[in-house]
Amino acid sequence: QVQLVESGGGLVQAGGSLRLSCAASGRTFSNYHMGWFRQAPGKEREFVARISSSGRRTVYADSVKGRFTISRDNAKNTAYLQMNSLKPEDTAVYYCAADGPWGTNSYNYWGQGTQVTVSS
């Protein structure tokens, strides 16, 4: 069993930055591919970024490519999402997820989410 806890969300002006963290419990964090997703009000949850268990492979949604960076520190059981040049349309609840086949959006474990609000 893995528990995921996101933190780092908040209110920021357009053009600003935030770094989200996803702390995982359990001893096998380094075995899991990780992903970040987001859900805006009235919209479906959408993929943001994913990172392989080793951290060597990353994939981004086109909407965040060049602005967001996903990373992980397996020694700290933590994944990160650095978000720069934020736009109002990035406003959403952001979720991290763990343990899913590479290249899919199917993950076995999900966090509770952290709110990111970008003001114009």
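1. Two strands are taken to pair if DSSP finds at least two bridges between them, and strands here are DSSP runs of E of at least two residues, with helices being H or I runs of at least four, numbered from the N terminus. In these terms, Met34 has Ala98, in β9, as its bridge partner, and the two strands β4 and β9 run antiparallel and are joined by 6 bridges.

2. As to provenance, this is a predicted model, in which local features need pLDDT of at least 70 and side-chain atom pairs count only at pLDDT 80 or more, while totals for chains, interfaces and linings use all residues. Residues are numbered from 1 along each chain as its sequence is written, and side-chain values use heavy atoms, with hydrogens and water left out.

3. Strand β9 (residues 92–98) also pairs with strand β11 (residues 114–119), in the antiparallel sense and over 3 bridges, where Tyr94 stands opposite Thr114. With strand β10 (residues 109–110), β9 pairs in the antiparallel sense over 2 bridges, and there Ala97 has Trp110 as its bridge partner.

4. How many of the 7 residues of β9 are buried? Taking buried as under 20% relative accessible area, exposed as over 50% and partly exposed as in between (1.4 Å probe, protein chains only), the strand is mostly covered, since 6 of its 7 residues are buried.

5. His33 is found in the loop between β3 (18–24) and β4 (34–39), and with a relative accessible area of 16% it is buried. Contact being defined as heavy atoms within 4.5 Å, and neighbours within four places in sequence being left aside, His33 touches a set of residues including Ile51, Ser52, Ser53, Arg57 and Arg72, as well as Ala97, Ala98, Asp99, Gly100, Pro101, Trp102 and Tyr107. One of these, Asp99, is 66 residues away from His33 in sequence, yet the two C-alpha atoms are 5.5 Å apart in space.

6. In one of them the side chains of Asp90 and Arg38 meet at 2.9 Å, N to O. Asp90 lies in the loop between β8 (78–83) and β9 and Arg38 in strand β4, so this pair ties together parts that are 52 residues apart in sequence. Asp90 counts as buried because its relative accessibility is 1%, and Arg38 likewise counts as buried, at 5%.

7. Asp90 also forms a salt bridge with Arg67, in which the closest N and O atoms are 2.7 Å apart. This pair links distant parts of the chain, with Asp90 in the loop between β8 and β9 and Arg67 in the loop between β6 (58–60) and β7 (68–73), 23 residues apart; both residues, Asp90 and Arg67, are buried. A network of salt bridges links Arg38, Glu46, Arg67 and Asp90.

Conventions
Salt bridge = Lys/Arg side-chain N within 4 Å of Asp/Glu carboxyl O.
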